[in-house]
Structure formats: structure tokens, C-alpha cells
Amino acid sequence: MKPEWSQWAREAKEQFPEAHSSLLPLLHRIQDAEGWLSDETIRDVAALLDLSTQYVESVASFYSLFYRQKVGKNVIHVCGGLSCAMAGSDSVMEHLEKKLGIREGQTTRDGEYTLLEAECLAACDLAPVAQLNLRFHGHVDAENLDPLLTDDGKEVNS
Ligand code: FES
């Protein structure tokens, strides 16, 4: 456990006295610092907030905003929810796997991209939906996705 985490837990509890409510801000803060949430981190956070490890794990694994594995510099989520599946998210994922040379759940060897499937991203009217570094892109296909990947992810943030 990093020494500053105790202080961060105290600050989260000051803002949200209920432990279940202080969990999300604490997880965000630690992930911002560490890049992801390891099993050890989950245990440490549970201890800091006096919550069960299972509860913290269930929250951390529910939200696609939290990474339970080390990720690359850019993270691509492809929605695998029903609306997106019906609109062709499988072929979007296949295209990205081929283009990046990795499978879903993996990171490119140069550490540039991690490709992940997400549950419904709550933008079903834009299906199929993908996120690049948490930025939404609707009606995605090979044609409109490829330009986003050619410039180190910077294009999407402009
Ligand atoms: S199913 Fe993809 S955004 Fe809802």
C-alpha cells in the first residue's frame, strides 16, 4: 500500500462519510496514480474503507472505467451490449483485433493500445459504440475508426 493512500481514504471519507460512497472516488484516485487496480490494491482499498474485498472487487469489475489489468497508453472499449451487437459490434471488434494485431483483453507490444469489450455504454441509439480513452464514438465502423488510431490517439481528443 502506498503511504498516501491512507490520506486519500481519509479525504474520500470526509467528502462521502458512507464507506460505500467513498469507494468510487478512492478507486478513481488510486487508478489515476497507478494506471490500474491490482488484486493487492483491491484488498488494500477494502481494508482502508472497512469494506469486504468481494464488495470492492464487484464494484471495480462492474465499471468499465476501472482497469483490473495493466493497460496501454490508449484504451479502446468496444461495446458488446445487445444493441451494439445487433448493429455489428462483433465486426468492429474483429477489425480492431486485426488492425492492432491483438485479441480483446490484450495490449499491443509497444504499449500503445489496449482493446477491451464493455457492457452497454448507455448510448444505444449510437450503436455500435466504442470509446477511445473514454471518449464516445457512435456508429463506428472500420472507416471512421481507423483515422482515430493513426495518430497515437491524439486525434480523438481534439
Ligand atoms: S448496447 Fe452498446 S451502448 Fe448500449
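1. A word on terms before we start: the domain bounds used here come from an automatic or database domain assignment. The model itself is predicted. On that assignment, the protein splits into domain 1, residues 4-62, and domain 2, residues 74-157. Taken over C-alpha atoms, the centres of domain 1 and domain 2 lie 28 Å apart.

2. Now for the overall layout. The protein contains seven helices and four strands, and from the N terminus their order is α-α-α-α-β-α-α-β-β-β-α. The C-alpha trace spans about 45 × 30 × 30 Å along its principal axes. Of the 158 residues, 27% count as buried. If you look at contacts between residues at least 6 apart in sequence, 54% of them join residues at least 24 apart.

3. Which residues touch the most other members of the largest nonpolar core? They are Ile76, Val78, Cys79, Val92, Leu96, Val129 and Ala130, out of 17 residues in that core. Two or more residues each come from β1 (74-79), α6 (89-100), β2 (113-118) and β3 (130-132). As general background, nonpolar side chains in soluble globular proteins tend to be buried together.

4. Helix α1 covers residues 4-15 and helix α2 covers residues 19-34; their axes come within 9 Å and cross at roughly 145°. The crossing of α1 and α2 is right-handed. On the α1 side, the contact uses Trp5, Trp8, Ala9, Ala12, Lys13 and Gln15, and these meet Ser22, Pro25, Leu26, Arg29 and Ile30 of α2. Sorted by class, this contact has seven nonpolar, two polar and two charged residues.

5. Finally, a look at Tyr55, which sits in helix α4 (residues 53-62). Is Tyr55 buried, exposed or partly exposed? Tyr55 counts as partly exposed because 15 other C-beta atoms lie within 10 Å, whereas a buried residue needs 20 or more and an exposed one has 12 or fewer. Thr107 is 52 residues from Tyr55 along the chain, and the C-alpha atoms of the two are separated by 27 Å.

Methods:
Residues are numbered from 1 along each chain as its sequence is written. This is a predicted model: local features need pLDDT of at least 70, side-chain atom pairs count only at pLDDT 80 or more; totals for chains, interfaces and linings use all residues. A nonpolar core is a set of buried Ala, Val, Leu, Ile, Met, Phe, Trp, Tyr and Cys residues joined through C-beta atoms within 7 Å. Axes are lines fitted to C-alpha atoms, for helices over the stretch in contact, and angles run from 0 to 180 degrees between N-to-C directions. A crossing is left-handed if the near helix is turned anticlockwise from the far one by less than a right angle, and right-handed if clockwise. Two residues are in contact if their C-beta atoms, placed from the backbone, lie within 7 Å. Ala, Val, Leu, Ile, Met, Phe, Trp, Tyr, Cys and Pro count as nonpolar, Asp, Glu, Lys and Arg as charged, and the others, Gly among them, as polar.
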